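Let us walk through this structure together, from its core to its helices and then out to a few loops. Please keep the 3D view open as you read.

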Amino acid sequence: MEPVNLAEFEEVARGKLAREAYEYYAGGANDEVTLRANGEAYGKLALYHRVLRDVAVRETSVEVLGERISFPVMVAPTAFQRMACDEGECATARAAARAGTIMVMSTLATTVIEDVVAAAEGPKWFQLYIYKDRGVTLDLVRRAEAAGCRALVLTVDTAVWGQREADVRNSFTLPDGLTVANLATHAKEHFPEGMAGSGLAAYAAALLDASLTWKDLEWLRGQTKLPVLLKGVVHPDDARAAVEHGAAAVIVSNHGGRQLDSSPATIEALPGVVEAVAGKIPVLIDGGVRRGTDVVKAVALGAKAVLIGRPILWGLAVNGEEGAYRVLELLKAEFDLAMALCGARTVGEIGRDLVVG
């Protein structure tokens, strides 16, 4: 039977993926406290639905940084998508375009920026790590601009790489034929050889810059006309600083529970970040979203939209582009149903009063 919810997609995908690939995608840091908390925290929030509101006609679309998307769900950046299916990032691009939403591409993709953008006409953002070699970073920015990406998403919660124990046990490396494709022009597409433990962790330690400060955000903004979002914010003080330093938006994120274990669940951190930015820039959120009711809860607490990562990978593993598209359509149908049952005809009518606790 075809999966009827996102959890079932993961169950089927687990049986299709190589063990090392599944554990790389699914795993979190250390004891995976934060990984579990991301999902569990949504279940602790009740929706105080409204009744007799005439919800016969509903509109699920929303505008994010000037882009109209069909519902407030976007595709988060996830690395190495060709481990899930042969077409990888290109299949995701087509699925996102068909679903009418934004795909955020990863620096650590197994397909180059240019090919992913060319795969479908839908809007693309580019997630960026800042390398020790600023020339590498600038090249990625210029390529993203030239390809037609409409925003940069700077990941800021990876000063050092989290301890992902499954990757250590598996000595995780990319399968034969796959590389960090975007870095091939700089001869940085391969993990270090001959090292114990996670090859990705060794790659990150060797190449990514752990010395980043707010000045580096200012530097990046000075290099591009694209809006720059910050991904990885959970503390209200950092949200205020993001506004002060010109970020176009913040994404409340703990890297899917893959960096600091015991970081707060993102839905728990969301209200403090929303209050801190005080409406000056949009707030988005990722981590743990698996149901349409989760999307309603995030929007009610002030998120402009949510991003999903792992469920897209499960869709790719199950049935490539069609699987990823089905994941998005399932979530959209659930969101529309939850809106109706909450008494909301538009996304704008999803108010803070729906989540009383």
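What follows starts with the ground rules and then moves through the model part by part.

You are looking at a predicted model, in which local features need pLDDT of at least 70 and side-chain atom pairs count only at pLDDT 80 or more, while totals for chains, interfaces and linings use all residues. Residues are numbered from 1 along each chain as its sequence is written, and side-chain values use heavy atoms, with hydrogens and water left out.

In general, nonpolar side chains of soluble globular proteins tend to be buried together. Here the largest nonpolar core has 123 residues. Such a core is a set of buried Ala, Val, Leu, Ile, Met, Phe, Trp, Tyr and Cys residues joined through side-chain atoms within 4.5 Å; buried means under 20% relative accessible area, exposed over 50%, and partly exposed in between, with a 1.4 Å probe and protein chains only. Met-74, Phe-80, Leu-108 and Tyr-131 have the most contacts inside this core. Helix H13 (residues 310-342) gives the most to the core, with 15 residues; helices (H or I, at least four residues) and strands (E, at least two) are DSSP runs numbered from the N terminus.

Now turn to helix H9 (214-223). Its buried residues are Asp-216, Leu-217 and Leu-220. They fall within an arc of 105° seen down the axis, so they line one face of H9; the arc is that of the directions from the helix axis to the C-beta atoms. Strand S5 (124-128), helix H6 (134-147), strand S6 (152-155) and S7 are among the elements that cover these residues. On the face turned away from the buried side, H9 carries the exposed residues Lys-215 and Gly-222.

Helix H10 (residues 236-244) comes next. Which of its residues are buried? They are Ala-239, Ala-241 and Ala-242. These residues cover an arc of only 160° around the axis, which puts them on the same side of H10. Their cover includes H9, strand S7 (228-233), strand S8 (249-252) and H11.

Just after H10, Gly-246 has a positive phi of about 85°.

Finally, visit the loops. Glu-32, between helix H2 (19-26) and helix H3 (33-43), has a positive phi near 60° although it is a residue other than glycine, and it is partly exposed at 25% relative accessible area. Asp-54 lies in the loop between H3 and strand S1 (62-64); this residue is not a glycine either, yet its phi is positive, about 55°. Thr-185 sits in the loop between helix H7 (165-169) and helix H8 (199-207) and is exposed, with 62% relative accessibility. Beyond its neighbours within four places in sequence, Thr-185 is in contact with Asp-139 and Arg-143.

How values were computed. Axes are lines fitted to C-alpha atoms, for helices over the stretch in contact, and angles run from 0 to 180 degrees between N-to-C directions. Contact means heavy atoms within 4.5 Å.
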